Amino acid sequence: MGSPATGPFAGLDEQALRSLCPQGAARTCAKNVIVVSAGDSTDSLYVILSGRVKAFVSDEQGKEVVVNTIGAGDFFGELVLDGGPRAASIMTLEPCRFYVISAEEAERLLVTNPAFGRDLIRKLIGKVRSLTGQVRDLALKDVYGRLAKFVDENALERDGQRVVAERLTQNEIAARIGGSREMVSRILGDLADGGYIAVEAKRIILLKKLPPRW
């Protein structure tokens, strides 16, 4: 589920973005559309006006790891600043509307709007910290530890229960935590058998605190 958006575009609607970047253009995409692909040339910055996307990397066999999920008010494509290729692919998780800013327009903003530049730098620092944390977890935590952290960070209070409200398949959870579907299935099954969780309509309901180890 992603954190509330912060940074240079948080709180800006389409009209405000058109005033800030008049050369930009709005774009609408349906659910499950690949917006950009890893390796493509980075020629634009995308601000998410509505909806959510996932940033992911995959190998030749189709194994996928989700790097981040990004929601309205946030952005992707910041590598436009160095002109290098896209580092990850982006797919819509639901219908989305974007405001697309060209590399030239992004460069102009950096030169003419110091506040924008400072906010963008802070946002990029936050992304580096987040990715560093993911690498640390992949190196130092086992699959159960990553799954437990994922559940804890994404659970919301609903009617007196903590629930991971996003409906995710076991494959999708595995991609989020860097594990296999088979291992996720085994862990969720054992937690359900132990009375720690219930899974209803692809939603995980926390019944009691997860054990420190599996």
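Q: Buried means under 20% relative accessible area. Which residues of β7 are buried in this predicted model, and which way do they point?
A: Ser-89 and Met-91 point one way from β7. Ile-90 and Thr-92 point the other way. All four are buried, so each falls under the 20% cut-off. In a regular strand the side chains alternate between the two faces of the sheet.

Q: What makes β2 and β7 a pair?
A: Two strands pair if DSSP finds at least two bridges between them. β2 and β7 (residues 89–92) have two bridges, in the antiparallel sense. Ile-34 stands opposite Met-91 in β7.

Q: How do you know that β4 pairs with β7?
A: The test is again at least two bridges. β4 (residues 52–58) and β7 have four, and they run antiparallel. The count passes, so this too is a pair. Here Lys-54 stands opposite Met-91.

Q: Why are β2 and β5 called edge strands of their sheet?
A: The open sheet has four strands, in the order β2-β7-β4-β5, with antiparallel pairing. β2 (34–36) and β5 (64–71) each have a single partner strand, so one side of each has no neighbour in the sheet. The twist from one strand to the next averages 35°.

Q: What makes β1 and β8 a pair?
A: They share five bridges, in the antiparallel sense. The cut-off is at least two, so the pairing qualifies. Cys-29 stands opposite Cys-96 in β8.

Q: Which residues touch the most other members of the largest nonpolar core?
A: The core has 20 residues. Leu-147, Val-151, Ile-173, Leu-188, Ile-197, Ile-204 and Leu-210 touch the most other members. The elements giving two or more residues are α4 (143–154), α5 (170–177), α6 (181–193) and β12 (203–206). The most come from α4, with six residues.

Q: What does Val-151 touch beyond four places in sequence?
A: Val-151 touches Val-164, Ile-204, Leu-206 and Leu-210. Another core, of 15 residues, lies apart from the largest one. Among its members are Leu-17, Leu-45, Val-80 and Ile-101. In soluble globular proteins, nonpolar side chains tend to be buried together.

Q: How are α5 and α6 oriented, and what is that orientation called?
A: Their axes come within 8 Å and cross at roughly 105°. Angles of 65 to 115 degrees count as roughly perpendicular. So α5 is roughly perpendicular to α6.

Q: Which residues meet where α5 contacts α6?
A: Gln-170, Asn-171, Ile-173, Ala-174 and Ile-177 in α5 meet Arg-181, Val-184, Ser-185 and Leu-188 in α6. By class, this contact has five nonpolar, three polar and one charged residues.

Q: Which residues of α5 are buried, and what do they pack against?
A: Ile-173, Ala-174, Ala-175, Arg-176 and Ile-177 are buried. The buried residues of α5 pack against β5, α3 (114–140), α4, α6 and β12. Just after α5, Gly-178 takes a positive phi of about 75°.

Q: What makes Asp-159 stand out in its backbone?
A: Most residues other than glycine have a negative phi. Asp-159 is not a glycine, yet its phi is positive, about 50°. Asp-159 lies in the loop between β9 (156–158) and β10 (161–164).

Q: Why is Asp-159 called exposed?
A: Its relative accessible area is 84%. Exposed means over 50%, so Asp-159 qualifies.

Q: Why is Lys-202 called partly exposed?
A: Its relative accessible area is 49%. Buried is under 20% and exposed is over 50%, so the value falls in between. Lys-202 is in the loop between β11 (197–200) and β12. Its phi is near 65°, a positive value in a residue other than glycine.

Conventions
Residues are numbered from 1 along each chain as its sequence is written. This is a predicted model: local features need pLDDT of at least 70, side-chain atom pairs count only at pLDDT 80 or more; totals for chains, interfaces and linings use all residues. Side-chain values use heavy atoms; hydrogens and water are left out. A nonpolar core is a set of buried Ala, Val, Leu, Ile, Met, Phe, Trp, Tyr and Cys residues joined through side-chain atoms within 4.5 Å. Buried means under 20% relative accessible area, exposed over 50%, partly exposed in between (1.4 Å probe, protein chains only). Contact means heavy atoms within 4.5 Å. Axes are lines fitted to C-alpha atoms, for helices over the stretch in contact, and angles run from 0 to 180 degrees between N-to-C directions. Angles under 35 degrees count as roughly parallel, over 145 as roughly antiparallel, 65 to 115 as roughly perpendicular and the rest as oblique. Ala, Val, Leu, Ile, Met, Phe, Trp, Tyr, Cys and Pro count as nonpolar, Asp, Glu, Lys and Arg as charged, and the others, Gly among them, as polar.
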